[in-house]
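Let's take a walk through this chain together, starting with one residue and then stepping back to the whole. Keep the viewer open as you read.

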Amino acid sequence: MSNCEDCNSSFGYFGKATACHKCEKVLCRQCAGNNALIPFDTRNPEESNDLSRNSTVFKYCKKCFQQTSAVDLSKTFDVWEPSSEKDNGINFIMVPGGGSSRNMFLPHARELSKMGYRSILVDLPGHASLVDTPLTLDNCVETVRNILKSENCDPSKTIYVGASFGAYVGFYILDKLGSSFAAAILMDCGQNVGPDCSLKAAIGLWFMRKIGGHMTNEKLIKSMMGVAKKSKADYQLVEAVYGCGMYFQQASNLCECLHTVAPADHIPNFKFPVLYFNGSEDYRDSENKWLELCADQERSSLKVYEGGDHFFLHASRFVADMLERMDKFSKEATKQ
């Protein structure tokens, strides 16, 4: 076989072929590397989420990857309905970080359902089910707008929840769709990476753009696993992240979106309260500024988790407190 069975590119004289882990179709390095994940077994979730027992990243053809991924790639969003006896009428629009899928918030949505919340988990353009959709700020706005409309979300009971990239582009989305939300909860967005960012942040974006353009998703998963291990993140990571695959094919567009958003231009336009979460070990040169810019100072707040880093969202030692704070904030913001 001299051509990749997914993209039909030639291996050439020195190209290396890789077999799909499931069907053994012959693949080029790029196709196999971008369709990689740690398999998650829904019949045995506890063992599957245990990275000490399940940490091998396998490579697949596109079809087998879609069949194996822990996130359903035939849908662009999921709805987790609240427990009927506790339904409080509040909707969370949950937007994940860059390179990940909507499953990033799946473990949290399960718990929030028990607390009476309806959680709508969203894939952004350039990610997961929308991996081939161009990643632009305006496409992100349209994605959220369409879901709000299709799910008939009451603006007085709807809260935007974003993490990392989902929080940072959230500044832009919330400015455009502000009348659709009663509040926002933004995590891992304490560093300014916009047009007026520091030299350190600009170098970080340049580096992210470079590695995203040259590393396959397989290598990025392995790199992220190493970082997450040092951070002690341990909250259902295979089902939420590694079992879904990573999506950095549009890394250049992702960095462009980040560097275009100027939070200081958007935050003062929010007519609702904002709850910020950050980890003390994360980059956070602007978190106090973002808080001070909130128009609703009385109800806006910042919680920094001591010892937490960019992965604190998936560190079990913080999850219960985070959900409790989200619950209190959301009920107050929607006057319950």
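A residue is called buried when its relative accessible area is under 20%. Phenylalanine 312 has a relative accessibility of 1%, so it counts as buried. Please keep in mind that this is a predicted model.

Where does phenylalanine 312 sit in the chain? Its place is the loop that links strand S11 (301-305) to helix H13 (316-333). Leaving aside residues up to four places away in sequence, phenylalanine 312 touches Met187, Asp188, Phe277, Asn278, Gly279, Tyr305, Phe318 and Met322. One of these contacts, glycine 279, is 33 residues apart from phenylalanine 312 along the chain, and their C-alpha atoms are separated by 6.2 Å.

Another of those contacts, Asp188, deserves a visit of its own. Aspartate 188 belongs to the loop between strand S9 (183-187) and helix H7 (199-214). With a relative accessible area of 7%, aspartate 188 is buried. Now look at the backbone. Most residues other than glycine have a negative phi. The phi of aspartate 188, however, is positive, at about 60°.

Alanine 128 is found in the loop between strand S7 (118-122) and helix H5 (137-150). Its relative accessible area is 5%, so alanine 128 is buried.

For a contrast, turn to threonine 76. This residue lies in the loop from helix H3 (62-68) to strand S5 (77-80). Is threonine 76 buried or partly exposed? Its relative accessibility is 33%, so threonine 76 counts as partly exposed. Not counting residues up to four places away in sequence, threonine 76 touches Arg102, Leu121, Val122, Asp123, Ser129 and Leu130. Between threonine 76 and leucine 121 there are 45 residues of separation along the chain, while their C-alpha atoms are separated by 8.7 Å.

Next comes a helix. In H10 (residues 251-260), the buried residues are Ala251, Leu254, Cys255, Cys257 and Leu258. Because these residues cover an arc of only 155° around the axis, they lie on the same side of H10. What covers them includes H5, helix H6 (165-176) and H7.

Finally, let's step back to the whole chain. How many helices and strands does the chain have? Its secondary structure comes to 13 helices and eleven strands. The radius of gyration is 20 Å, close to the 20 Å that the globule rule gives for 336 residues, so the chain is as compact as a globular protein of that length. Along the principal axes, the C-alpha atoms fill a box of roughly 65 × 50 × 40 Å. Buried residues account for 54% of the 336 residues.

The contacts can be viewed at this scale too. Of the contacts between residues at least 6 apart in sequence, 76% join residues at least 24 apart. The pair phenylalanine 312 and glycine 279, 33 residues apart along the chain, gives you one place to look. As for the surface, the accessible area comes to about 15,200 Å², and 50% of it belongs to carbon and sulfur atoms. The chain carries 37 positive and 40 negative charges, and their mean positions are 4 Å apart.

Definitions and conventions. Residues are numbered from 1 along each chain as its sequence is written. This is a predicted model: local features need pLDDT of at least 70, side-chain atom pairs count only at pLDDT 80 or more; totals for chains, interfaces and linings use all residues. Side-chain values use heavy atoms; hydrogens and water are left out. Helices (H or I, at least four residues) and strands (E, at least two) are DSSP runs, numbered from the N terminus. Buried means under 20% relative accessible area, exposed over 50%, partly exposed in between (1.4 Å probe, protein chains only). The arc is that of the directions from the helix axis to the C-beta atoms. Contact means heavy atoms within 4.5 Å. The radius of gyration is taken over C-alpha atoms; the globule rule is 2.2 Å times the number of residues to the power 0.38. Accessible areas come from the Shrake-Rupley method with a 1.4 Å probe; for residues, only the protein chains shown count as cover. Lys and Arg count as positive and Asp and Glu as negative; His and the chain ends are not counted. The place of a charge is taken as NZ of Lys, CZ of Arg, CG of Asp or CD of Glu.
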